[in-house]
Amino acid sequence: MRGYHRRARGFEPRLIGAILLVGALLAIGLPMGTLSLTSPSAHAVPRGFLLRSSGTGPCAGPAVSSGYLGRVADAGGGASAPPLANQSVVLSYRYTQTFHPSGGGASQYLCVSTLADGLTGPTGSFSITASVSGPFCSKPYGCWNYSGPYGPASLSLGSGALPAGFFENETTSNGTFTLTRVIALENASISPNGFLTVSVNAPTVVSAKGLSGLGTPSPANLSFAWSLTGVGWRSLAGNGAPTFPVEAVSTSNVATVEVWVNGSYGGLTFHAPPVSLLLTAASTLITSGSASPTSVDTGVDATFSWTGTGADGYPYWATLGPGLGAAQVRAACLNHSIAGGLRQFDCSVIYAYSAGGSAQPFATLANPFSSANYTFAPITVSRGLGVTVGPDPGLQYAGVPILFTVGVNGGSGTAPYGPACFSDGIGATVCNATAAPPWKFSITYPQTGRYQARIYVADSGGTNYTMSLPVTISSRPGLGTINLSQSEVDVGGVVTATAEVRGGALPISYWWNTTAPTRTVGGGGLSSDGPVGVSFHASTVPVNSLLNLTIVDALGTRFSASVRVFVVSTNATRILLNEPPNATAAAGTPIRLSFEAVDALQEAVPGYNGSFSILPRLADYTGVWVNASGSTSVQEAGGIFGVLGSAWTYGFLNLTFTDRAVGIFNLSFNAAGSVQGPSPMRIQVGPYVADEHLSRIDVARPGDRENSTLYEIRDRFGNPVTDGWVLVRSVFGATVTDLHSTIRPSGTGSVVWVNYSAGGSGAGTVYVLSESNQSLLSPIAVPALADAPLGQFAYAAVLGLGMAAVVGAAVIARRRRAASAENQDPDSDSAVEDGLKRLAEGRAHVLERVPLERAVDLDHIAGGWTGPPPDAAELAEWVGSLVSEGILKPSIGPEGRPMFVRLPAAAPAPPLRVEVDAMALDAALERQRLESTRSDEGPTGSDEPSDGYDPGSRPTRS
């Protein structure tokens, strides 16, 4: 059984408590304040163990089997492999060694890695047991227990069991292990293999591999020797590589590619038997082709077909060149393999010519390296028959004849032409056999509706041309009575008019006109019978007006109707503020104000255009703007904003009020003459937080890796930002830390702290952002910490990670030393009880001083204590234990001071169990007594303990 042990070393518990809190503060970037460190003095634990909290052992991985069966086999190598018998097989595994102190306290664990080995039998079989030692006890320390074995466990061949030129391969089947000794190079393979037909001029890459005794790729250092024999072939690269590109320059005889694979592995050289490939080359050919018919009209389909062959294994395409300047057309091909490594292609295209003339079509068949052409017999193409008809579409009223004219496009078809026939779509067909076009047909439809007529024309070549013609038959247009929303309307009031349109050839256009003044107030189009309407503002002066509606259908028939509109005037008595009486906005943001002029009956007065003024009650109106719809409709004089009458529109006035200063403002309004103005309104303007700006006013802690700076914060107009927060985001590698710094009022402005501390020793970047994710400062580059030996700072930070595990031991140890200093027995129950009482009272005092949801600093926490005041180490123990338990949360306050806040109670959890190494504490107290005695008697020599422990060592984490 072979294993290893690691020696544990410790620190004086009182120092541990102080260092743990300092480590935690340093880890989150907080200053250490008044905390200090004391010189260490060691206490001892049994050599070879590490202090750990009670629980599961330190060995990772599951428990594994104690017994392992298997065999050693060979793959390749023949007689060069050594015998299978008497070969060494090694099993690697682990077990846990547990120490239970005789005086009680926390159990201590150690993970031990070890080996077990065995020899194979005559056929290569083996059996190995993973053994674990039994328990034993040693006075005065305690007892040792062992558990395991634990995985991951592994098997391997021992020294001398794996011969040169072989490698090991492990497999498991049904719980039995097979360790195979595999020869590095046994055979060679070539790809492709056997026989291959390639295209002429196509580079073909032949590749080779060396194979181990398992048939897997060989791990040996390989070299390749190639040869190519055959007429019309050439190699495209040199020798020695695992690939060998070749090419056939013409259709040629069979060629042979052969390769030899050699290798070296484990100090031995290997030579695999050669392997070869047979190659032949083929050109792409078109063996036959046909086209039908050889005379065709434009627009009529012609069919082209051809057959060809080529080497298999390549992409092929085929095209038809129709001739007459037309672009080539991709063909559809069916293909299948035939003898000799070839593929046959049967291709076709159906094509209709768009222009007449004599065409010379041709076909192609190609792969990327070889192609073939085929020329068809010439094709005569004639221009197809073309027919015209008018009118198209047919449009008329019921009972009125429509004269349709049918003709032939010049130069199309074959003369003589005819007959031509017209089918009206309601059951009647009329034909005209006259040879000379055009042909005329007079058709009368007795009823309104939509019809589908058809025209038929033939030429002497037997071509029949057919076309459809839509016909719409309508009634004559008419208008119903024009209806008004009100025949008498106030000046500038809104009038709505509607009328019903009946009949007419669609589509129908319409427009509305008034005579006071003469103008168009609306219009549009209709695609079906139905109502038309318009809404418009009446004249701004009293008048007797005429409203006229005119319609025109698709056949040009016009129809009109009119109605009178009487425009009257009323007087305004009051101006109303339509918007809410109070408004809230950010500085620089316009607030909409809407006013309406009404008469005594609270009805709108559309024609009102009296002057209007706004009086903001402001000490300084420089940053105030009032805007209306017109550029000159508001005139400012001495803080009074006058609105011209031209700003009123149909009795409404729309303004915007904008101020860039914060505060509460009251607006008063005055109207012209006897018109009563609106009641005053209140506007509250806050800072424009969407655009904040920082200006530095104080640097509390300068530094490029740790910094605390106070800034003044204002909006774009210089107003203080009165509340909210600033986000300080620190990015160090993959770690992102967000700190929300609260904005606080200060004098006549607002301030905010920007604090950061480097996380770890690497470089990073600090970003300062507003609540709206606006970048308030340029990114702050934090440099990396210069290389230095592991000092007190880094070591304290590392110890801080284990605070929760050892803080109990540190507190009780400190209490025992206090009892010793008062000449008490360090092992007495009263000393222990006093220490525990002091710890409980201190933690209770911290919880009373730290409120929920409000952070306080260490000075506040230390205040209010009755009795002997706590020193820095005690305060560190109290606060540090509560931080490690998640009861207190640290943060950064003004000027970078460390702050703490109490978190709400979580769901009940199992109580924390704190176990103390009594033996280690007794040894430390004994050294304390000896040191006190020496200080009274004078120096007597070395103060090294004589119990065999190393007091000056540092703890090592398992």
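## Salt bridges

The side chains of aspartate 74 and arginine 181 meet in a salt bridge with an N to O distance of 2.8 Å, where a salt bridge is taken as a side-chain nitrogen of Lys or Arg within 4 Å of a carboxyl oxygen of Asp or Glu. This pair links distant parts of the chain, with aspartate 74 in strand E2 (residues 67-75) and arginine 181 in strand E9 (residues 176-183), 107 residues apart; strands (E, at least two residues) and helices (H or I, at least four) are DSSP runs numbered from the N terminus. Aspartate 74 is partly exposed at a relative accessible area of 33%, whereas arginine 181 is buried at 0%; buried means under 20% relative accessible area, exposed over 50%, and partly exposed in between, with a 1.4 Å probe and protein chains only. The model is a predicted one, in which local features need pLDDT of at least 70 and side-chain atom pairs count only at pLDDT 80 or more, while totals for chains, interfaces and linings use all residues. Residues are numbered from 1 along each chain as its sequence is written, and side-chain values use heavy atoms, with hydrogens and water left out.

A search of the whole structure finds 8 salt bridges, among them the contact between glutamate 247 and arginine 234, whose N to O distance is 2.5 Å. Because glutamate 247 lies in strand E15 (residues 243-248) and arginine 234 in strand E14 (residues 233-235), the pair ties together parts that are 13 residues apart in sequence. Another of the salt bridges joins arginine 714 to glutamate 712 at 3.2 Å, N to O; arginine 714 is partly exposed at 23%, and glutamate 712 is partly exposed at 22%.

## Disulfides

With a disulfide defined as a pair of cysteine sulfur atoms within 2.5 Å, the count comes to 4 disulfides. Counting the bonded cysteines along the chain, the disulfides follow the pattern 1-2, 3-4, 5-6, 7-8. One of them is formed by cysteine 137 and cysteine 143, whose sulfur atoms are 1.9 Å apart; the torsion about their S-S bond is about 100 degrees, so this disulfide is right-handed. Cysteine 137 is exposed at 55% relative accessibility, while cysteine 143 is partly exposed at 27%.

Cysteine 333 and cysteine 347 are joined with an S to S distance of 2.0 Å, and with 110 degrees about the S-S bond the link is right-handed. Since cysteine 333 lies in strand E23 (residues 332-338) and cysteine 347 in strand E24 (residues 342-352), the pair ties together parts that are 14 residues apart in sequence. Cysteine 333 is partly exposed at 28% relative accessibility, in contrast to cysteine 347, which is buried at 3%. A disulfide also joins cysteine 421 to cysteine 431, S to S 2.0 Å, and this link is right-handed, with 105 degrees about the S-S bond. The pair links distant parts of the chain, cysteine 421 in strand E32 (residues 417-423) and cysteine 431 in strand E33 (residues 429-432), 10 residues apart; cysteine 421 is buried at 13% relative accessibility.

## Strand pairing

Strands of a sheet pair through backbone hydrogen bonds, either parallel or antiparallel. Two strands are counted as paired if DSSP finds at least two bridges between them. An open sheet is formed by 4 strands in the order E59-E58-E62-E63, with antiparallel pairing. Its edge strands are E59 (735-742) and E63 (780-782), each of which pairs on one side only. Within this sheet, 5 bridges join strand E58 (residues 725-732) to strand E62 (residues 764-769), and serine 730 stands opposite valine 766 in E62.

Strand E45 (residues 558-568) takes part in pairings of both senses: 3 bridges join E45 to strand E39 (residues 488-490) in parallel, and strand E44 (residues 543-552) pairs with E45 in the antiparallel sense over 10 bridges. The bridge partner of aspartate 490 in E45 is valine 568, while valine 543 stands opposite valine 567 in E45. The hairpin of E44 and E45 has 5 residues between the strands, and in this hairpin glycine 556 takes a positive phi near 85 degrees.
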